[in-house]
Amino acid sequence: MSDARDLDICASEPIRIPGSIQPHGAMIVLDASSQVITQVSANVSTFVGLDLRVGEGLPEELRSLREAIERKAADADEERFQEALQIGDRTWTVLMHANAQGRLIIEFEQRGEQEEQAIEALFVRLQAFSQSLLDHSMDDLTTAARQTAVFVRAITGFDRALVYRFDPEWNGHVIAQANNGELPNYLGLRFPSKDIPPQARELYRTNRLRLIPSASYEPVPLVPAVDPELNAPLDLSLAALRSVSPVHLEYMRNMGTGSSMSVSILVDGALWGLVACHSRNAHTVSANARAAADFAVQAFSMRVSANARLEDASLRVALSALQGRLLAIMAEENELSAALARGESELLSYADATGAALASDDEIVVFGAAPHAAAVESMVEFLESTGRQEFYTDHLGAQMPGAERFAEQASGLLAVRISELYPHWLIWFRPEVIRTVTWGGDPHMVVRESGRIHPRQSFQSWQDQERGKSTPWREAELDAARNLRNAIVGIVLRKAEVLANLSESLQRSNKELEAFSYSVSHDLRAPFRHIVGYSELLKGRSTNLDAKSRHYLDSISESALAAGRLVDDLLNFSHLGRTQLALKNVDMDKIVSEVRHSTTRLIDQRQIEWDVAALPIARGDPTLIRQVWQNLIDNAVKYTAREEVSRIAIRGWRDGDEICYQISDNGVGFDMAYLGKLFGVFQRLQRTEDFQGTGIGLALVRRIIDRHKGRVWAEGSVGEGATFGFSLPLKVRIDD
Amino acid sequence: MTDYRPILLVEDNPKDLELTLEALRRCNIVNEIAVARDGEEALDYLFRRGKFEGRNEGEPTVVLLDLKLPKIDGLEVLEKIKSHAFLQRVPVVMLTSSREEQDLIASYELGVNAFVVKPVEFGQFMEAISNLGVFWALLNEPAPLRDLEWK
């Protein structure tokens, strides 16, 4: 039988409708509207000394009660009614409330001789207690809890009062105790959640106070057992005399307690904890003392609530300041991962985490003490499988199979999905906090006997090591994570919008640029052609031109020609930006040999020694790669023109995931100090009259190689030659 | 066989016109050179309308057509020629200042017979124009046009 099943059985006990009451009082049940008696407790005649008949109204002897009922009806706000009533020659404490079935439940309790005097004393003590709660600094909850325990024990007269606090799993932790030494010290112990099944917890929430003066009482049945009109058992949820589960009485006896009282600590409507009082022997508490205890505990509840709110508020203030700083960084950075890396300390303090991770399609970035990327990847898979936009746990191992491996750094996980469309997550991690928990008895032990569950018999303290858990995430931290998620989504959306605008205006200006270069190509070349044409015509006409005039005419032609070439080169360069790459396997041997021949065709008077190795094939756009070689080989030939013998060597090799090529010459070389300028547009390191050129060749080379996602490099020294190289990646991913 | 029909030169730029005419003169072509200064005039000449209504000479042996022209540009003139049942047999050579990929593609799609980029260097320019003149006026065997009637 599983533990869950045990719990179910316990939870299914009909604790709201036991059909009986405890014997320290008597009960009369009326139809709330007709005031006809529907049920009575079997002890009503002996206890109150009245002979009442079901189906009739209240007798004349109970006139004072009838008047009380009228008073209660007149005051609609008063849900529960408690008064001292004179019936015959005795005074009773009478409690009245209407239940959900439309029944007025009237409970009689005996009233002690001294109670009237006691009330005044109670008021004074309550005042003193309320004052003491306020005296302490607000964050000292333990002191307030201890004072509450002391006060409740003092006014109720129990041997021991405990203040329990429930954890999120409903285990109860004893945080304060007042004890006269009759019963064991339970301070610091933890009681497993199954000690109080869910149904009982719900009843603690609706009915704050429960008294059991004797753990060995004989229940008094209601007569008749079932409401004759409703034909249903009576709902006693709110009745003070409600008889409790025999399992609970057994539990009490096992614990060595003869009587008990509990007052619920409700914080913002939720069950936060209990003040539980016990005595070794039977012990009863007057209704007034109970009311005072309830009042004290509610005062403490308000302290708890105020504390939580204050703590929460200051945490939220701190978190929004952190969020402000993070957002400011994000606004400055283009990449979220870069922003988070810059704001790492803010990111981590934001969720009081020791590690964090950002997961997007193509990368996982971790910050602080976080599991490695592969582990985060498996977490993202898990997160996606939950189908949720946010996820948090302080015990990842219990949620995600295999997560125990990361427990040290990631026992706690708080994740928000930062994209509607893609599996992008921002995740915070908290480390494992190994806690030694002292249980009030072995929480794993369940006693069974002939098919029936018995509550545990041993309350010997039992130590447990709790592993794989982090400190729990607080509500303010969860809210902060959600806020940050919204902010990130907002920023991403805004950036996408900006990008869309930008790309639209880029496309527009690209079109304009295209139109511009188109007309330049047509209109700018023409005048140069005309200049050259007319000066040539002039030269041809004038046979008697002197040498100087001829030189001037030559200069005009040369300049116009150079300008024309410049236009051609520039156009070629600007074309590069917009033409699509057509990637193919490029036969470098073939291209290099063709370029060599076309370059040297016109300069056969020079002596050039070529040393060309076999070149590996690479992936690229053949037309553009041909231009690269054209420029590099042209340069090598050009800058070795003054050598007696030009030596040009060409090499190629594979290096990891790229193919490299290099051309070296023995020409004029260059000063490495100008390396940075070498590949820039219009950067020339040689004077024009020494070597012709437009200053675009190497810029073109770099641009082509850039577009292939490759690298370019150069080495040289003045007078000793130069080496130029480029690489092409084996796997080219072009982004256009 | 020598073809004495005219060469139609369509050129808006007076300097280009002068230089081209000079180049054609130097290669000793005897054909008459008809000149049109924009796309509209070129079409008027070809379709014998406007001021060319009732001109006597036959269809041009070749049209040297500049690409960028006022009013109606070179590509449009080319399209009109090549989509005409009769005139489409007249060879058209695009003469342009630069080798723009999109112009090149468009011209060939419209059925241009040749596409020539005017070289900046004068010697080369002279050579290119002379070659064109010699080829189209002297060497090329034209399509029989006379047996076709105007529609």
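## Salt bridge and polar contacts between the chains

In this predicted model, the count of salt bridges between chain A and chain B is one. The residues that form this salt bridge are B:Asp16 and A:Arg529, whose closest N and O atoms lie 2.7 Å apart. Across the interface of chain A and chain B there are also six residue pairs in polar contact, with both residues at pLDDT 80 or more.

## The side of chain A that touches chain B

On the side of chain A that touches chain B, the elements giving two or more residues are helix 14 (475-523), helix 15 (525-541) and helix 16 (547-578) of chain A. Helix 15 of chain A provides the largest share of this side, with 10 residues. Sorted by class, the side of chain A that touches chain B is made up of eight nonpolar, seven polar and four charged residues.

## Extent of the contact

The contact draws 19 residues from chain A and 23 residues from chain B. The size of an interface is often expressed as the accessible area that is lost when the parts come together. Between chain A and chain B the buried area is about 1,900 Å², and carbon and sulfur atoms give 59% of that area.

## Helix 4 of chain B

Within chain B, helix 4 (residues 101-110) holds the buried residues B:Asp103, B:Leu104 and B:Ser107. These residues lie on the same side of helix 4 of chain B, because they cover an arc of only 100 degrees around the axis. Just after helix 4 of chain B comes B:Gly111, which takes a positive phi of about 95 degrees.

Note on methods
Residues numbered from 1 in each chain as written. Chains lettered and ligands numbered in written order. Predicted model: local features only at pLDDT ≥ 70, side-chain atom pairs only at ≥ 80, totals over all residues. Heavy atoms only, no water. Buried < 20%, exposed > 50% of the residue type's maximum accessible area, 1.4 Å probe, protein only. Helix = DSSP H or I, 4+ residues; strand = E, 2+ residues; numbered from the N terminus. Arc of directions from axis to C-beta. Contact = heavy atoms within 4.5 Å. Buried area = accessible area lost by both parts, 1.4 Å probe. Salt bridge = Lys/Arg side-chain N within 4 Å of Asp/Glu carboxyl O. Polar contact = N/O pair within 3.5 Å; in protein donor to acceptor, adjacent residues only side chain to side chain. Nonpolar A, V, L, I, M, F, W, Y, C, P; charged D, E, K, R; others polar.
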